[in-house]
Amino acid sequence: MRKNYSGKFKTKVVVDVMKEQETVAELSSKYEIHRSLLTRWKKEAIERLPGILSTTKKKGNDDQKLIEVLYQKIGQLEVENDWLKKG
């Protein structure tokens, strides 16, 4: 049967792996997790950290959405204004 580990537990284990105070084999025995799983968790954490710590990417997406909404509103107001001038 496959075990499911919480994110909190994975984080604790990955931090221990990254500290390198103990070998992967020692940590594997300590937490009763296969070495390949520890290595995979470490690799995933290293790949995801830049995205997690980067705030500019998120802000850029939010700004882009706001710009699109504002342009849509400007277009709507121009159409309404033109209709009122003709009426």
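This is a predicted model: local features need pLDDT of at least 70, side-chain atom pairs count only at pLDDT 80 or more; totals for chains, interfaces and linings use all residues.
Trainee: Which residues of helix 1 and helix 2 meet?

Mentor: Phe-9, Lys-12, Val-13, Asp-16 and Val-17 in helix 1 meet Leu-27, Lys-30 and Tyr-31 in helix 2; contact means heavy atoms within 4.5 Å. By class, this contact has five nonpolar, no polar and three charged residues.

Trainee: How do you know how helix 2 is set against helix 3?

Mentor: Their axes are 9 Å apart, and the angle is about 110°. Helix 2 and helix 3 are therefore roughly perpendicular to each other. Val-24, Ala-25, Leu-27 and Ser-28 of helix 2 make the contact with Arg-35, Leu-38 and Thr-39 of helix 3. Four nonpolar, two polar and one charged residues form this contact of helix 2 with helix 3.

Trainee: And what makes helix 1 roughly perpendicular to helix 3?

Mentor: Helix 1 and helix 3 pack at about 90°, with axes 9 Å apart, so helix 1 is roughly perpendicular to helix 3. On the helix 1 side, Phe-9, Lys-10, Val-13, Val-14, Val-17 and Met-18 take part, and on the helix 3 side Leu-38, Trp-41, Lys-42, Ala-45 and Ile-46. The contact of helix 1 with helix 3 has nine nonpolar, no polar and two charged residues.

Trainee: Which helices supply at least two residues each to the lining of the largest pocket?

Mentor: Helix 1 (7–19) and helix 3 (35–53) do. The largest pocket has a volume of about 290 Å³. Its lining includes Gly-7, Lys-10, Trp-41 and Arg-48. Seven nonpolar, two polar and three charged residues make up the lining of the largest pocket.

Trainee: How are residues numbered, and what confidence is required?

Mentor: Residues are numbered from 1 along each chain as its sequence is written. Local features need pLDDT of at least 70, side-chain atom pairs count only at pLDDT 80 or more, and totals for chains, interfaces and linings use all residues, while side-chain values use heavy atoms, leaving out hydrogens and water.

How values were computed:
On a 1 Å grid over the protein atoms alone, a cavity is a set of points where a 1.4 Å probe fits but cannot get out, and a pocket is an open set with protein on both sides within 12 Å along at least five of seven lines; lining residues have an atom within 4 Å of a point. Grid points are joined across faces, edges and corners, and a volume is the space filled by probe spheres set on the points. Helices (H or I, at least four residues) and strands (E, at least two) are DSSP runs, numbered from the N terminus. Ala, Val, Leu, Ile, Met, Phe, Trp, Tyr, Cys and Pro count as nonpolar, Asp, Glu, Lys and Arg as charged, and the others, Gly among them, as polar. Axes are lines fitted to C-alpha atoms, for helices over the stretch in contact, and angles run from 0 to 180 degrees between N-to-C directions. Angles under 35 degrees count as roughly parallel, over 145 as roughly antiparallel, 65 to 115 as roughly perpendicular and the rest as oblique.
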